[in-house]
Amino acid sequence: MLEVLNDLIPNIMNKLPEFWQAIFDFFIMLGITGAVSFIFGTLFGVILTVTRRGDILENKVIYFILGKIIDLFRAIPFVILIFFLGPMTRIIAGTTIGLRGALFPLMVGTIPFFARQVESALAEIDRGLIEASQAMGSSPMEIIFRVYLKESIPGIIRATTITLISLIGLITMVGAVGGGGIGDFAIRYGYNSMQNDVTYVCVIILLLITTTIQGVGNILIRKTTH
């Protein structure tokens, strides 16, 4: 088996420790960024929903300011955003390269995207349910948790799946600027050194990860849809 792998992917086999480290760094970035983006993206998505005109906590100022900030960061291409956040990343992480230097721009690039996805999911909730909850004397927090979040679980899972797949692309992109992970490994050895087997293996791994996330997301959506 080893002989076959040495023949098919010799450059990968010669760099196995570095290759496994690249995969490990990739999943660290995916896990940490995904978790932080889920928490803050859900929070901001809920705030955008409940403070819009006619909703349970209508507040035009908060809705306008938060919406504009989110749209600002969504409008900046991610590669430009990495350099734009460079000074702040250096202050927070102490570096702009490697795993530590990649996490902050990844979070800033992902949270606004996920917040809008959550807002869209919550907007699908039947207004009749909200009005019925208000009529029964439910507080705003009860409506948020028992109606908005509970009833939009399939939509939030769909938003999470889309965001994670998008995040895979962003993580790969930070490799172009020394962010580490599979993208960095593929660019340094696959593209710059013209080692095609490295490129092929990295593409296959990213494809498998993307397919797995999409498949798990689809299963969870089916199980939570009622």
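Helix 6 crosses helix 7 in a right-handed way, where right-handed means the near helix is turned clockwise from the far one by less than a right angle, and left-handed means anticlockwise. Helices here are DSSP runs of H or I with at least four residues, numbered from the N terminus.

Quick note on the source: this is a predicted model, where local features need pLDDT of at least 70, side-chain atom pairs count only at pLDDT 80 or more, and totals for chains, interfaces and linings use all residues. Residues are numbered from 1 along each chain, and side-chain values use heavy atoms, without hydrogens and water.

Okay, so who touches whom in that crossing? From helix 6 we have Met88, Thr89, Ile92 and Ala93, and from helix 7 Arg100, Gly101, Phe104 and Pro105, with contact meaning heavy atoms within 4.5 Å. By class, that's five nonpolar, two polar and one charged residues.

Now helix 3, residues 16–50. Its axis comes within 6 Å of the helix 7 axis, and the two cross at roughly 40°. The axes are lines fitted to C-alpha atoms over the stretch in contact, with angles from 0 to 180 degrees between N-to-C directions. The crossing of helix 3 and helix 7 is right-handed. Their contact has 19 nonpolar, seven polar and three charged residues.

Among the lining residues are Gly101, Ala102 and Pro105, along with Ile82 and Val174. By class, the lining has five nonpolar, four polar and no charged residues.

Notes. Ala, Val, Leu, Ile, Met, Phe, Trp, Tyr, Cys and Pro count as nonpolar, Asp, Glu, Lys and Arg as charged, and the others, Gly among them, as polar. On a 1 Å grid over the protein atoms alone, a cavity is a set of points where a 1.4 Å probe fits but cannot get out, and a pocket is an open set with protein on both sides within 12 Å along at least five of seven lines; lining residues have an atom within 4 Å of a point.
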